Amino acid sequence: MGDGGDERNIEPNEATSIVQEIEDIIFNTPNSVFKSMSPSQYLIKRVIMLENELKCYHQIEGLNQKNENSSVVQYIQKEACEDAKHVCIQVHLDDALSNIKLQLFALIASQPAFNQLRTVEQLGYIAGLSLRSDCGVWALEVVIQSTVKDPSHVDARIDEFFKMFESKIHELSDKDFKRNVKSLVDSKLEKFKNLWEESHFYWGEIEAGTLKFDRVESEVALLRELKKEEFIEFFDQHIRVGAPQRKTVSVQVFGGEHLAEFKKAIAETDTPKTYRITDIFGFKRSRPLYRSLKGGPGRITMD
């Protein structure tokens with residue numbers, strides 16, 4: 001199934017027949033040593049749920065102290081869906097309305113973030129704000145790699161960017177809001193460029209367990225109905241610094257240029273509404289988990 005060579009497109013019934021033939025050879029031949037796994041034998045990946053209004057952070061020395069690069073990943077998290085009582089910013093378990101608001105924020109903020117953190121402040125050669133999904137839990141992620149400033153400083157500058165950008169969101173004009181919505185809609189309606197892109201989309205839905213094969217159509221419909229006030233409320237609840245449902249974790253790796261700053265950072269006292277992670281596995285065991293979108297019993301692995 002491709003664009004050339006010995007590969008070719010096949011009909012659905014032919015694909016089903018091929019799969020059945022493979023399964024018959026593996027499982028149904030006399031004296032076969034293979035057997036299907038029971039549901040309890042499948043590994044189920046589930047994502048840790050962070051705490052509202054709490055910023056967790058994990059600071060560590062780089063494994064190769066000859067490497068001068070330090071890095072920061074900041075992450076923000078939300079409830080499973082908006083009507084329920086994930087720098088990476090974890091916002092929510094797969095929910096179409098939350099998805100489009102998060103995507104719209106990323107579209108609006110990604111270029112200003114790059115301009116401020118890399119071009120203006122020159123914090124590092126690698127700097128960016130993007131979307132992330134782990135097992136259907138969508139999030140924002142801010143990544144910066146730097147030899148210029150230590151991770152504690154860089155992490156503080158990421159927070160300052162979000163504080164500065166708050167006014168940009170609140171002052172967003174109706175014209176600019178509609179322009180950005182249209183840009184996001186247009187990007188979603190672009191046809192797949194090749195068979196690989198199309199299969200990647202469908203397999204992504206299957207792997208995550210979301211199975212929203214009509215994702216584009218449903219999200220476009222919601223975008224066309226989205227009000228600016230709803231988008232701003234989403235930002236105020238989940239993304240702005242100090243938001244009541246903001247859940248953040250910052251992973252900070254100190255490279256060879258910043259070992260002195262590392263010793264200073266780990267000696268500092270935690271500020272209010274922050275939590276220092278010193279035992280990663282203990283922290284994972286202490287937190288609740290988002291439910292698996294694949295469902296069913298199974299052994300659990302935590303990301």
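**Exercise 1. Counting charged pairs**

How many salt bridges does the count come to?

*Solution.* 
Step 1. Note what kind of model this is: it is predicted.
Step 2. Recall the rule: a side-chain nitrogen of Lys or Arg must lie within 4 Å of a carboxyl oxygen of Asp or Glu.
Step 3. Apply the rule. The count comes to 17 salt bridges.

**Exercise 2. Overall make-up**

Find how many helices and strands the protein has, and what share of its residues is buried.

*Solution.* 
Step 1. Take the elements. The protein has 9 helices and 9 strands.
Step 2. Take the burial. Of the 303 residues, 37% are buried.
Step 3. The accessible surface is about 17,900 Å². Carbon and sulfur atoms hold 54% of that area.

**Exercise 3. A network of salt bridges**

Which residues are linked with R215 in a network of salt bridges? Work through the pairs E205–R215 and R215–E219.

*Solution.* 
Step 1. Name the members. The network links K188, E205, R215 and E219.
Step 2. Take E205 and R215. Their side chains meet in a salt bridge of 2.5 Å, N to O. E205 lies in helix α5 and R215 in helix α6, so this pair ties together parts that are 10 residues apart in sequence.
Step 3. Take R215 and E219. Their side chains form a salt bridge of 3.4 Å, N to O. Both residues sit in helix α6, 4 residues apart, which means about one helical turn separates them.
Step 4. Check burial. The cut-off for buried is under 20% relative accessible area. E205 has 5%, so E205 is buried. R215 is buried too, at 9%. E219 is buried, at 2%.

**Exercise 4. A threonine beside the network**

Where is T210 placed, and is T210 buried or exposed?

*Solution.* 
Step 1. Locate T210. It sits in the loop between α5 (195-208) and α6 (215-225).
Step 2. Check its accessibility. T210 has a relative accessible area of 15%, so T210 is buried.
Step 3. Look for a partner. The side chain of T210 makes a polar contact of 2.5 Å with the side chain of E205. E205 also belongs to the network with K188, R215 and E219.

**Exercise 5. The second largest pocket**

What is the volume of the second largest pocket, and which helix gives the most to its lining?

*Solution.* 
Step 1. State the volume. It is about 620 Å³.
Step 2. Look at the lining. It has 27 residues, and K55, D155, D159, T271 and T274 lie nearest the centre of the pocket.
Step 3. Assign elements. β2 (54-61), α3 (151-170), β7 (247-254) and β8 (274-276) each supply at least two lining residues. Helix α3 gives the most, with 7 residues.
Step 4. Sort by type. The lining holds 7 nonpolar, 8 polar and 12 charged residues.

Notes. Residues numbered from 1 in each chain as written. Predicted model: local features only at pLDDT ≥ 70, side-chain atom pairs only at ≥ 80, totals over all residues. Heavy atoms only, no water. Buried < 20%, exposed > 50% of the residue type's maximum accessible area, 1.4 Å probe, protein only. Areas by Shrake-Rupley, 256 points an atom, 1.4 Å probe, with all protein chains shown as cover. 1 Å grid on protein atoms, 1.4 Å probe; cavity = no way out; pocket = protein on both sides within 12 Å on 5 of 7 lines; lining within 4 Å. Points joined across faces, edges and corners; volume = space filled by probe spheres on them. Nonpolar A, V, L, I, M, F, W, Y, C, P; charged D, E, K, R; others polar. Polar contact = N/O pair within 3.5 Å; in protein donor to acceptor, adjacent residues only side chain to side chain.
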